[in-house]
Structures are given as C-alpha cells and as structure tokens.
Amino acid sequence: MEKKLFWLPNVTWCINENDELMIDDFCFSEQMTSLFPELYFLLCKGAEEETLLAHFKQFPKVKLKRFIRKLQDLQLISTGLSNTYQVFDKQAMRFRTESPIAHDFFLKKENVEAYRTAMLNRKPPSEDVRYQLPESRTLPNAFYTRKSVRVFDTQQTVSFEQFCMMLECSRQFQAPTGTQYAYPSAGGLYPIDCYIHVKKDRVATVQEGVYFFDPVKASLNFVSEGKRITRELHHHLNRTIFDTSAFSIYLFYNAQVSMPKYESRAYYYGIYDAGILTGYLNLTAEMAGISSCCIGALRSFAEVRDDFNLTEHQIFLHSMELGLRKELL
C-alpha cells in the first residue's frame with residue numbers, strides 16, 4: 001500500500017518577485033509555481049504520489065515525479081512523523097523579548113555563566129513570602145552529588161554491576177498490585193524505547209555495539225556494531241564528551257505504542273515520559289557511581305539511524321553520555 005506524503009509543519013513557501021517558488025531557503029523554477037497553492041493544501045491533508053499525479057494530469061508527469069522526490073530529499077515533505085526539530089523549529093520566531101540577544105553571545109564562556117546565573121536567580125512573580133521551607137537534607141545522597149560531567153575517566157572500566165544498577169529504574173517488575181515500573185508514564189503505556197551504544201572495552205563483560213534494552217526481560221538485545229556512531233555525530237563542543245564516555249543512551253518515542261490511544265497528544269506525552277526517564281537514569285547512574293551528561297541535540301541523527309534498526313514509528317528524542325567521574329575514583 002502506497003504511503004501518503006505530508007507537508008512538514010515547519011516548512012513555509014511563497015512566490016517571490018521573480019515568480020520563482022521559494023520553499024524555505026530553496027528556490028524552484030517558475031514552472032513549479034503553477035502547482036501552488038493546490039499542492040500545498042493537498043499535502044497538508046496527506047496524499048499518495050499517484051493521487052498527486054492524477055490531480056495535476058496537465059503537468060508533465062516526469063517533472064512532477066522529480067519534484068516530489070526533490071521535496072522528500074530536502075525533507076520538506078515526508079511519509080512519516082516529524083522529528084522534534086521539525087515540530088518546534090519555527091517556535092522561536094514567535095517568541096518576543098524586550099532585549100534580543102546577539103547570535104554570538106553564547107559562544108563566550110563568561111557570557112554563558114553570567115546568563116545562567118541570572119536565569120537561576122530570576123525574580124518570582126510575587127515577593128510576598130508566606131512560608132520559608134527548611135532544608136532537610138533527607139533525600140538520597142545522589143540528589144546532592146549529581147552533576148553533569150563533560151570529561152570522563154578513560155582509564156577505568158564501568159563494572160557490569162554498576163551498569164545493571166543504573167538500568168534498574170527502567171526495567172519492568174512485579175509488584176503486589178501487578179506489573180509496574182519505577183517511573184510514571186501516560187496511560188501506563190511506556191512508549192519510550194531505550195538503546196545503548198557501548199564503547200569498546202569500557203563496560204566490563206559487555207562487547208562493543210548498539211543494544212536495545214528490553215524492560216520486560218531486563219535484557220540487552222544486540223542490534224548492530226554501531227560503526228557509524230562516531231564523534232562526528234555531535235556538535236563540536238560535545239565531541240570531547242563523546243570521546244571520553246564509556247557508553248551512550250538514546251531514547252526514542254515509539255508512536256505505535258501510544259498514538260492509537262492518545263492520538264496527537266501522544267507525541268507530547270512521549271516527550272515528557274522521556275524527560276521523566278532521563279531524570280531517573282541520571283539519579284540511578286549517580287547512585288551506581290556513574291556520571292552523566294545530557295546531550296540536547298545531535299548534528300544529524302539521520303546519518304546513523306540505520307545502526308539502530310528503527311521502524312518509521314520510532315522518533316529520536318534525547319541522548320546521554322555516561323562514564324566514570326575522575327574525582328570519584
């Protein structure tokens with residue numbers, strides 16, 4: 001069955017003063033303008049290629065096919081779900097601030113620190129303090145010692161016991177009330193798939209490669225050798241983190257699990273499910289003596305997607321780099 005093609009929500013188009021079709025930053029010939037806005041409206045609803053060819057039967061068939069392929073290659077239209085970048089890309093354009101920040105502001109370390117300090121000490125909406133909460137220090141020590149680590153100890157190996165303890169929070173277990181997980185999930189569906197890329201000789205008894213963590217059986221299922229997963233996957237400032245980490249965790253939202261129940265809301269629920277699981281993994285890793293660093297964005301996950309053997313319904317959400325902190329040894 002032929003899949004429907006959809007116009008991606010972050011993609012804009014217009015016809016410029018030269019009667020050329022502009023789709024985002026890509027320019028197409030004047031001939032293509034005759035397809036718009038009809039083609040746009042059809043793709044917003046979703047349409048199969050054969051349907052488009054039949055609808056625009058007056059347009060040269062070969063040219064239209066090539067145009068459709070080009071739009072797919074440029075990731076302007078797609079048959080699958082949008083990734084998070086495509087969903088949220090244009091949101092910053094709608095954000096308005098009284099004091100715009102220059103694009104190169106965050107390239108200087110002192111600016112980053114000053115901004116962080118200011119944001120952490122932002123004023124509350126009310127200065128009317130009614131209650132002052134005492135500090136109890138009753139939480140597990142991991143809550144107080146956890147911090148992001150950007151350079152790990154490459155001379156030490158993560159023990160298998162530490163590795164297993166870190167993953168304990170994400171496995172399924174049997175409780176008096178039935179099947180349960182340590183962290184909550186919308187509808188109890190747990191649509192987040194966890195993959196782990198282990199570096200060579202960095203986790204005791206675990207061979208190099210990409211593994212799927214099966215939370216039901218608490219097993220590591222081998223997926224691939226992960227040869228394409230290199231430092232080039234990361235933006236420049238994050239490459240040292242990858243170079244020194246012992247293993248990486250990649251979290252994916254599996255739409256096939258929760259979208260039949262929650263429809264469009266399922267994607268949003270999946271994002272905060274991943275956030276909750278990330279918090280648990282950070283803390284259990286700390287309790288196991290493993291440090292971590294969350295990576296907000298990868299340079300191009302599409303280049304390594306095949307190393308994970310994913311379905312079209314699995315969307316990359318988040319990654320973490322983990323290893324041993326030098327000063328804790």
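At roughly what angle do the axes of helix H10 and H11 cross?

**Figure 1. The crossing of helices H10 and H11.** The axes of helix H10 (residues 255-262) and H11 come within 8 Å and cross at roughly 130 degrees, where axes are lines fitted to C-alpha atoms, for helices over the stretch in contact, and angles run from 0 to 180 degrees between N-to-C directions. Helices (H or I, at least four residues) and strands (E, at least two) are DSSP runs, numbered from the N terminus. H10 and H11 are therefore oblique to each other, given that angles under 35 degrees count as roughly parallel, over 145 as roughly antiparallel, 65 to 115 as roughly perpendicular and the rest as oblique. The model is predicted, so that local features need pLDDT of at least 70 and side-chain atom pairs count only at pLDDT 80 or more, while totals for chains, interfaces and linings use all residues. Residues are numbered from 1 along each chain as its sequence is written, and side-chain values use heavy atoms, with hydrogens and water left out.

**Figure 2. Residues where H10 meets H11.** Ser258, Met259 and Tyr262 of H10 are in contact (heavy atoms within 4.5 Å) with Arg265, Ala266, Tyr267 and Tyr269 of H11. By class, this contact of H10 with H11 has 5 nonpolar, 1 polar and 1 charged residues; Ala, Val, Leu, Ile, Met, Phe, Trp, Tyr, Cys and Pro count as nonpolar, Asp, Glu, Lys and Arg as charged, and the others, Gly among them, as polar.

**Figure 3. Helix H8 against helix H11.** The axes of H8 (residues 160-167) and H11 (residues 265-287) come within 8 Å and cross at roughly 150 degrees, and H8 and H11 are therefore roughly antiparallel to each other. On the side of H8 the contact is made by Met165, Met166 and Leu167, and on the side of H11 by Leu281, Thr284, Ala285 and Met287. Sorted by class, the contact of H8 with H11 has 6 nonpolar, 1 polar and no charged residues.

Figure 4. Cys169 counts as buried at 5% relative accessibility, and Cys293 counts as buried at 4%, where buried means under 20% relative accessible area, exposed over 50%, and partly exposed in between (1.4 Å probe, protein chains only).

Figure 5. Most residues other than glycine have a negative phi, and most peptide bonds are trans. A cis peptide bond, with omega about 10 degrees, joins Phe36 and Pro37, and Pro37 is found in the loop between strand E4 (26-28) and helix H1 (38-45). Asp24, in the loop between strand E3 (21-23) and E4, has a positive phi near 50 degrees and counts as partly exposed at 25% relative accessibility. Asp201 has a positive phi of about 60 degrees; this residue lies in the loop between strand E8 (192-198) and strand E9 (209-214) and counts as exposed at 62% relative accessibility.
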